[in-house]
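Please look at the sequence and the structure before reading on.

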Amino acid sequence: MTRRAFLREKDHKAGWSGDLKETMMDGGHYAELRAFMAIHEARSFRDAALRLGVTPSALSRTLRRLEDRLALRLFNRTTRSVHPTEAGAVLYAKLAPAIAGLDQALGDALALRDDPVGTIRLNLPRMAAELIVMPRLPLFNALHPGVRLEMVVDDGLTDVVAEGFDAGIRAGERLAQDMVAIRLTPPYRFAVAGSPAYFAKHAPPATPHDLSGHPCLKYRWATTGKLERWRFTGPEGIVTVGVEGPLVANDTAFLRDAAVAGMGLIFLPEAAVETHIASGALVRVLDEWCKPFPGFYLYHPNRHQTPPALRALISFFQAENAHPG
């Protein structure tokens with residue numbers, strides 16, 4: 001006896017034929033099994049055909065293909081009645097829970113297609129977390145309570161695909177070429193600012209080169225360890241200056257508060273200091289040297305189907321951008 005024949009006989013003795021297992025593993029025969037289930041439950045070809053949306057003759061041909069494939073008669077049928085054979089009853093008893101589990105799995109998957117539920121793993125720099133995501137997070141959570149955000153604050157250029165992230169946020173000039181990009185902010189500018197008390201003791205710088213005579217509070221990227229460059233645009237192009245000072249931190253709010261306290265000058269995005277400038281707590285200098293830079297973008301791998309939770313986040317940011325505040 002060959003191994004295949006032995007396994008077929010073993011399965012037959014267990015009440016589960018090898019042919020049936022092969023049939024169930026072939027997705028093309030799923031309709032035949034559903035047809036069998038409908039006939040067994042309705043005990044009528046006409047009612048089962050109505051439930052499946054096919055004609056009784058088409059349903060009969062489908063059942064015949066299944067019976068030929070299994071080499072088993074599954075129903076005894078007369079002009080007035082349809083009754084399962086012993087083989088049909090055994091098949092239904094074993095098939096029903098399997099089909100129910102499959103239906104549940106498909107239903108759960110389809111629900112995820114349409115409903116904004118699930119987890120989004122988001123990689124973003126600290127500055128974007130503080131200025132873009134955190135101020136909007138409570139509203140997004142209220143609108144989409146089924147979505148869970150797992151945020152990893154990362155000032156490096158992490159490969160979001162290789163590290164298993166769903167999306168990342170970066171400044172526009174740092175986007176990978178194979179990503180889909182969604183703008184989150186307009187082009188932004190940096191601002192150099194200090195407190196009124198500070199400028200009561202120090203003359204404001206007239207050019208970026210004058211910063212060498214001022215204590216400057218510097219931002220360090222947590223992951224890479226690099227210091228944020230104080231970069232400006234003048235009549236002759238880009239000007240990058242080296243600055244020194246009494247404080248280095250990787251938190252924009254900490255640096256801003258230190259500047260309000262009069263410790264020195266800061267170089268931060270406008271969004272981080274605009275309310276303090278408007279209130280008079282900070283005074284802006286070198287305004288004409290601070291030209292716009294590309295804004296922040298949310299980017300994600302180019303996929304045929306965007307996960308519904310990520311799609312909800314993208315739609316939320318797009319609506320916020322269209323109606324800021």
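Is E244 exposed or buried? With a relative accessibility of 59%, E244 counts as exposed; exposed means over 50% relative accessible area, buried under 20%, and partly exposed in between, with a 1.4 Å probe and protein chains only.

## Basis of the report

The model is predicted: local features need pLDDT of at least 70, side-chain atom pairs count only at pLDDT 80 or more, and totals for chains, interfaces and linings use all residues. Residues are numbered from 1 along each chain as its sequence is written, and side-chain values use heavy atoms, with hydrogens and water left out.

## Salt bridges

Side chains of opposite charge can pair when their charged atoms come close. A salt bridge here is a side-chain nitrogen of Lys or Arg within 4 Å of a carboxyl oxygen of Asp or Glu, and this rule gives a count of 13. One of them joins E244 to K218, with 3.6 Å between the closest N and O atoms. E244 lies in the loop between β10 (237-241) and β11 (247-249), while K218 belongs to strand β8 (residues 216-219), so the pair ties together parts that are 26 residues apart in sequence. Helices (H or I, at least four residues) and strands (E, at least two) are DSSP runs, numbered from the N terminus. In contrast to exposed E244, K218 is buried, at a relative accessible area of 9%.

R256 and D257 also meet through their side chains, at 3.8 Å from N to O. R256 is buried, with a relative accessible area of 17%, whereas D257 is partly exposed at 45%.

Helix α3 covers residues 30-42, which makes 13 residues. From first C-alpha to last it reaches 18 Å, close to the 18 Å expected at 1.5 Å a residue; the expected span is 1.5 Å times one less than the number of residues. Its buried residues are E32, L33, A35, F36, M37, A38, I39 and H40. After the helix comes R43, whose phi is positive, near 55 degrees.

E32 forms a salt bridge with R69, and their closest N and O atoms are 2.7 Å apart. This pair links distant parts of the chain, as E32 is in α3 and R69 is in helix α5 (residues 56-70), 37 residues apart. E32 counts as buried because its relative accessibility is 5%, and R69 counts as partly exposed because its value is 31%.

## The cavity

The structure holds one cavity of 30 Å³ or more. On a 1 Å grid over the protein atoms alone, a cavity is a set of points where a 1.4 Å probe fits but cannot get out, and lining residues have an atom within 4 Å of a point. The volume of the largest cavity is about 50 Å³, where volume is the space filled by probe spheres set on the points.

Its lining consists of L122, V133, R136, L137, F140, L149, L313, F316 and F317. By type, the lining has eight nonpolar residues, no polar ones and one charged.

## Cysteines

A search of the whole structure finds zero disulfides, a disulfide being a pair of cysteine sulfur atoms within 2.5 Å. C216 is buried at 0% relative accessibility, and C290 is buried at 3%.

How values were computed: On a 1 Å grid over the protein atoms alone, a cavity is a set of points where a 1.4 Å probe fits but cannot get out, and a pocket is an open set with protein on both sides within 12 Å along at least five of seven lines; lining residues have an atom within 4 Å of a point. Ala, Val, Leu, Ile, Met, Phe, Trp, Tyr, Cys and Pro count as nonpolar, Asp, Glu, Lys and Arg as charged, and the others, Gly among them, as polar.
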